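Subject: Structure handover and notes

Hello,

Here is the structure for your files. My notes on what was found follow below it.

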Amino acid sequence: MSCLSIKSIIRKLMKISQKGLYALQAMMMLARKHRQGAIKIRDIAYEENLPEKFLELILLELKNARIVESVRGAKGGYQLRRDPADIRLSEIIRLIDGPLAPFGDAEQLRVLIDRDIPHRALYQVFLDVRDAAARILENTTLAELIAGPTPRSAKGNRKQRTPKKKESSGVLSMVVGGNKGE
């Protein structure tokens with residue numbers, strides 16, 4: 001499968017813009033080279049296969065948000081302002097794309113849960129998915145991304161995941177109950 005089609009699949013599944021994906025890729029590269037000094041835009045663009053002019057705009061936005069800094073001169077370029085362990089994916093995505101949620105605004109979902117009684121359980125599931133996605137992005141740092149390609153589902157073995165399924169049997173009663181604020 002080509003890199004282009006993988007990116008389009010990710011964007012469709014995550015509702016992330018091309019700009020957001022490019023920002024994350026550039027930030028990962030800067031995180032991998034964190035202790036090596038500033039990296040030129042053309043080097044980031046080349047290594048990550050990103051359009052240089054578009055990358056300039058993205059890095060300027062990240063600079064204005066004080067996530068990266070620019071260094072002038074022959075050895076100039078961009079570098080992270082903070083340690084990769086202190087930069088969360090949620091911070092980058094919110095800056096570039098706005099809200100994190102694949103199902104929209106949490107407050108809108110809560111209103112639907114309160115008002116649309118026949119569909120309350122469905123909207124609660126959407127809110128739970130939204131909250132879980134936000135929690136993952138808020139708890140994942142650039143340092144974790146560059147540490148290794150281990151998928152979250154592969155971190156534990158199957159025996160550890162089976163009890164979670166049994167524990168989640170109470171989810172339906174929670175969803176049907178439509179607890180506010182959860």
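Is Asn 49 buried or exposed? Its relative accessibility is 58%, so Asn 49 counts as exposed. Please keep in mind throughout that this is a predicted model.

Asn 49 sits in the loop that joins H3 to H4. Its phi is near 55°, which is a positive value in a residue other than glycine. Most residues other than glycine have a negative phi. Arg 66 is another case, with phi near 65°. Arg 66 is found in the loop between H4 and strand S1 (68-71). With a relative accessible area of 52%, over the 50% cut-off, Arg 66 is therefore exposed.

Overall layout

The protein has 10 helices and two strands. Read from the N terminus, the order of elements is α-α-α-α-β-β-α-α-α-α-α-α. There are 182 residues, and 31% of them count as buried. The accessible surface amounts to about 11600 Å², with 55% of it belonging to carbon and sulfur atoms. Among contacts with a separation of 6 or more, 61% are between residues 24 or more positions apart.

Helix pairs

Two packed helices are described by the angle between their axes and the distance between the axes. For helix H3 (residues 41-48) and helix H4 (residues 52-64), the axes come within 9 Å and cross at roughly 115°. This crossing is right-handed. On the H3 side the residues involved are Ile 41, Arg 42, Ile 44 and Ala 45, and they meet Glu 52, Leu 55, Glu 56 and Leu 59 in H4. By class, that contact has five nonpolar, no polar and three charged residues.

Ile 41 belongs to helix H3. It has 18% relative accessibility, which is under the 20% cut-off, so Ile 41 counts as buried. Leaving aside neighbours within four places in sequence, Ile 41 is in contact with Glu 52, Leu 55, Glu 56, Leu 59 and Tyr 78. Ile 41 and Tyr 78 are 37 residues apart in sequence, and their C-alpha atoms are 7.1 Å apart in space.

H2 and H5 form another pair, with axes that come within 9 Å and cross at roughly 140°. The crossing of H2 and H5 is right-handed. From H2, the contact uses Lys 19, Gly 20, Ala 23, Leu 24 and Met 27, and from H5 it uses Leu 89, Ile 92, Ile 93, Ile 96 and Asp 97. These residues divide into seven nonpolar, one polar and two charged.

Nonpolar cores

Which residues touch the most other members of the largest nonpolar core? They are Met 27 and Leu 30, in a core of 29 residues. At least two residues each are supplied by helix H2 (18-32), H3, H4, strand S2 (77-80) and helix H5 (89-97). H2 gives the largest share, eight residues. Apart from this core lies another one of five residues, including Ala 106, Leu 109, Ile 113 and Tyr 123.

Not counting residues up to four places away in sequence, Leu 30 touches Ile 39, Ile 44, Leu 59, Val 68, Tyr 78, Gln 79 and Leu 80. One of these, Val 68, is placed in strand S1. Val 68 counts as buried because its relative accessibility is 1%. From Val 68 to Arg 82 the C-alpha to C-alpha distance is 7.7 Å, with the two residues 14 apart in sequence.

A buried loop residue

Where does Thr 141 lie? Thr 141 is in the loop between helix H7 (120-138) and helix H8 (142-147). At 6% relative accessibility Thr 141 is under the 20% cut-off, so it counts as buried. Not counting residues up to four places away in sequence, Thr 141 touches Pro 84, Ala 85, Ile 87 and Arg 88.

Regards

Definitions and conventions: Residues numbered from 1 in each chain as written. Predicted model: local features only at pLDDT ≥ 70, side-chain atom pairs only at ≥ 80, totals over all residues. Heavy atoms only, no water. Axes fitted to C-alpha atoms, helices over the stretch in contact; angles between N-to-C directions. Helix = DSSP H or I, 4+ residues; strand = E, 2+ residues; numbered from the N terminus. Left-handed = near helix turned anticlockwise from the far one by under 90°. Contact = heavy atoms within 4.5 Å. Nonpolar A, V, L, I, M, F, W, Y, C, P; charged D, E, K, R; others polar. Core = buried A, V, L, I, M, F, W, Y, C linked by side-chain atoms within 4.5 Å. Buried < 20%, exposed > 50% of the residue type's maximum accessible area, 1.4 Å probe, protein only. Areas by Shrake-Rupley, 256 points an atom, 1.4 Å probe, with all protein chains shown as cover.
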